[in-house]
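Here is a short briefing to read with the model open beside you. Take a look at the chains first, then come back for the details.

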Amino acid sequence: MAGGISITGMGIICAIGHDAAQVSESLRRGKSGIGRMRHLDTAHSELPVGELELSNAQMKAMLGQDENAIISRTALMGAIAIRQALAQAGTSSLAHRRVALISGTTVGDMDLTEHFFERMKSDDSLLSLPQSNECGQSSLRMASLCGLEDAEVCTISTACSSALNAIIIGCEMLKRDEADIVIAGGSEALTRFHLNGFNSLMILDKEPCRPFDSSCAGLNLGEGAAFVVLEKNAAKPLAYIAGYGNKCDAFHQTASSPDGDGAFLAMSEALELAGLKAEEIDYVNAHGTGTPSNDNSESAALKRVFGSNMPLVSSTKAFTGHTTSASGSIETVICLLAMQEGFVPANLGWSAPLENGIRPVTALLERRLEHVICNSFGFGGNDSSLILSRKPLDSGSAPGTDYGFETAADVLVDSAEDLSSLKEFIPMMELRRMGKLLKASHLSSLRALAAAGLESPDAIITATASGMLATSQLFLDDIVANGEQLLKPTLFMQSTHNTIGSAIAIRCRCHGYNVTYSQGAQSLEWAIRDAERQIATGKARTVLVGLYDECTELSASFARRAGLPCSPEVYARTLILKRKQ
Amino acid sequence: MDELILELKNRIIEALSLEDLTPEDIDNDAPLFGDGLGLDSIDALELIVILDKHYGIKLGSPTEGREIFKSVASIASYVAAHRSK
């Protein structure tokens with residue numbers, strides 16, 4: 001069948017192995033990578049994590065880099081995984097093909113930022129370092145470390161589903177002939193920033209995590225990177241991507257809906273695209289973080305999708321830890337290994353079900369797998385599912401669907417003065433936590449929707465260079481001022497780049513496609529390209545596209561000292577794109 | 001006790017970004033969550049931080065706080081009985 005998207009290479013580095021063979025070996029032996037910290041410098045060394053054995057210096061040596069080079073851990077891990085994937089795909093002739101690197105991350109270069117943050121406030125020589133939330137920088141660095149300077153580079157930031165969404169977007173780009181070869185996945189290093197953030201939300205287990213177990217009490221953070229090489233019509237692929245779904249739970253910034261709406265919709269959409277019945281799925285690699293909120297909600301969603309035909313299910317996070325933005329690609333590679341070698345990895349740490357929970361596979365099973373689902377969900381309810389198959393099922397976009405689009409509204413809010421008028425639309429209890437960027441993005445999107453005569457769009461695609469800069473800097477200050485103790489959860493919960501897109505989805509109850517692009521000044525262009533794809537393929541009739549960024553006093557002072565132009569205090573532009581009649 | 005109640009209300013208003021309210025707007029006995037003031041799960045985490053930071057009271061999880069956080073009055077009586085600073 002023409003047009004099937006195939007995977008021709010994979011690379012992985014995480015707590016249970018530095019390449020695919022090591023990861024497979026650990027999975028087969030039931031050897032967890034969760035344990036004591038070796039590298040992360042934090043006051044919370046009591047927390048178990050799935051940390052990489054390798055130090056930054058060792059990874060620099062593997063990549064042939066000078067040991068004094070300043071490169072973030074996220075970029076180092078990512079580059080190692082990309083090189084592995086490219087080596088397996090054997091794509092030596094990249095030069096004559098249109099190559100795209102689509103990478104998912106949230107904290108990006110945060111390990112550098114938090115290391116240098118205090119000194120940057122006074123030392124001008126450090127100003128060239130990552131000083132903000134611009135997570136697109138780490139993807140550019142990975143590209144240059146892998147000889148991909150000529151590739152298109154783009155970063156997806158939908159919190160913990162970032163890497164899976166990067167793979168989905170890679171597939172769509174191939175189907176629309178925007179690239180010949182896509183390297184897609186994600187990378188995320190452990191940082192004080194998100195370790196303290198998850199700790200402030202009280203969702204870190206002080207013991208090794210136990211996904212779906214009646215005693216599950218939280219997650220263990222992990223780190224790592226994984227990438228896959230995607231091509232059309234490859235001769236001998238590792239597997240095919242048969243389907244995928246991206247939906248929004250539109251429920252809460254950090255909690256999952258009790259009935260698992262977003263997860264249910266994402267799995268259902270993936271099955272529909274693949275043309276598969278639920279009972280044809282052999283195995284689900286669950287998101288299964290070990291938090292009661294996720295595991296109860298995902299159990300409910302799995303029961304809604306599969307009913308009495310529950311496939312084999314396991315979460316592999318008790319092996320790797322929750323590798324956050326990288327988890328979607330790390331678990332995709334785990335699924336590929338399971339399909340190649342014919343096994344189902346165990347859900348470690350499980351002994352009894354949650355009250356209404358699913359029963360996962362508790363010991364390694366030898367099994368031939370035809371069709372496998374990989375689930376990946378993120379804060380803000382950015383829920384995605386991917387289906388891998390031995391055969392090419394999804395024939396690409398249906399023929400004849402190539403709709404044009406027009407702009408139904410274009411609303412800019414670029415001053416903080418206007419923002420008090422939001423009181424008319426949003427209750428005080430919801431408005432109280434919003435900083436100026438969230439307020440401006442809400443005001444511009446509510447006005448744009450009204451101008452286009454819409455209550456809710458079919459899809460929401462946001463673009464941002466630095467995301468929630470103000471709350472992220474306040475949280476960094478909170479970490480320094482309070483020595484990593486008793487930090488404000490309200491700040492962390494509003495620190496991810498997809499905070500805005502998911503908050504708009506919650507506001508207008510939009511369960512449709514939801515994704516956030518973060519690639520510096522190119523973010524909006526990427527978002528509009530995606531909107532075009534959604535409309536052209538008939539997946540959406542109306543798409544809300546927003547470019548949302550802000551500048552803080554601190555960032556303005558960095559810019560002044562570096563002799564760079566200052567960004568506006570707040571910038572929120574919302575477009576409503578609509579299918580041409 | 002009245003002094004502690006007022007102090008708690010001021011701390012709650014500040015930590016939970018309730019600047020539009022005054023201490024008088026918050027009824028001592030009215031429910032803080034659900035149909036009362038309308039606080040949510042993130043607010044419960046902020047209340048845990050208040051108890052630890054200012055009164056040396058450590059709660060292991062929001063579930064432990066469920067009974068304590070019913071109203072400002074219930075928080076005050078718990079703090080009065082268990083404070084270590």
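How many disulfides does a search of the whole structure find over all chains? The search finds 0, with a disulfide taken as a pair of cysteine sulfur atoms within 2.5 Å. Please keep in mind that this is a predicted model, where local features need pLDDT of at least 70, side-chain atom pairs count only at pLDDT 80 or more, and totals for chains, interfaces and linings use all residues. Residues are numbered from 1 along each chain as its sequence is written, chains are lettered from A and ligands numbered from 1 in the order in which they are written, and side-chain values use heavy atoms, leaving out hydrogens and water.

**Cysteines**

- A:Cys14 cannot pair because its sulfur lies 13 Å from the closest cysteine sulfur, that of A:Cys374, which is too far for a bond.
- A:Cys14 is also buried, at a relative accessible area of 0% (buried means under 20% relative accessible area, with a 1.4 Å probe and protein chains only).
- A:Cys248 takes part in no disulfide either, and the nearest cysteine sulfur, in A:Cys510, is 7.1 Å away.
- A:Cys248 counts as buried too, with 0% relative accessibility.

**Where chains A and B meet**

- Chain A brings 17 residues to the contact and chain B brings 23 residues, where contact means heavy atoms within 4.5 Å.
- About 1600 Å² is buried between chain A and chain B, and carbon and sulfur atoms give 58% of that area (buried area is the accessible area, with a 1.4 Å probe, that two parts lose on being put together, summed over both).
- Of the area that chain A buries against chain B, 39% comes from A:Met202, A:Arg432 and A:Leu486, more than from any other three residues.

- In one salt bridge, the side chain of A:Arg433 meets that of B:Asp40 at 2.7 Å, N to O.
- Helix 12 (428–431) and helix 15 (489–493) of chain A are the elements that give two or more residues to the side touching chain B (helices are DSSP runs of H or I, at least four residues, numbered from the N terminus).
- Helix 15 of chain A gives the largest share of that side, 3 residues.

**Inside chain B**

- Helix 4 of chain B (residues 72–82) has B:Val72, B:Ser74, B:Ile75, B:Ala76 and B:Val79 as its buried residues.
- The buried residues of helix 4 pack against helix 1 (2–15) and helix 2 (41–55) of chain B.

Terms used:
Salt bridge = Lys/Arg side-chain N within 4 Å of Asp/Glu carboxyl O. Buried < 20%, exposed > 50% of the residue type's maximum accessible area, 1.4 Å probe, protein only.
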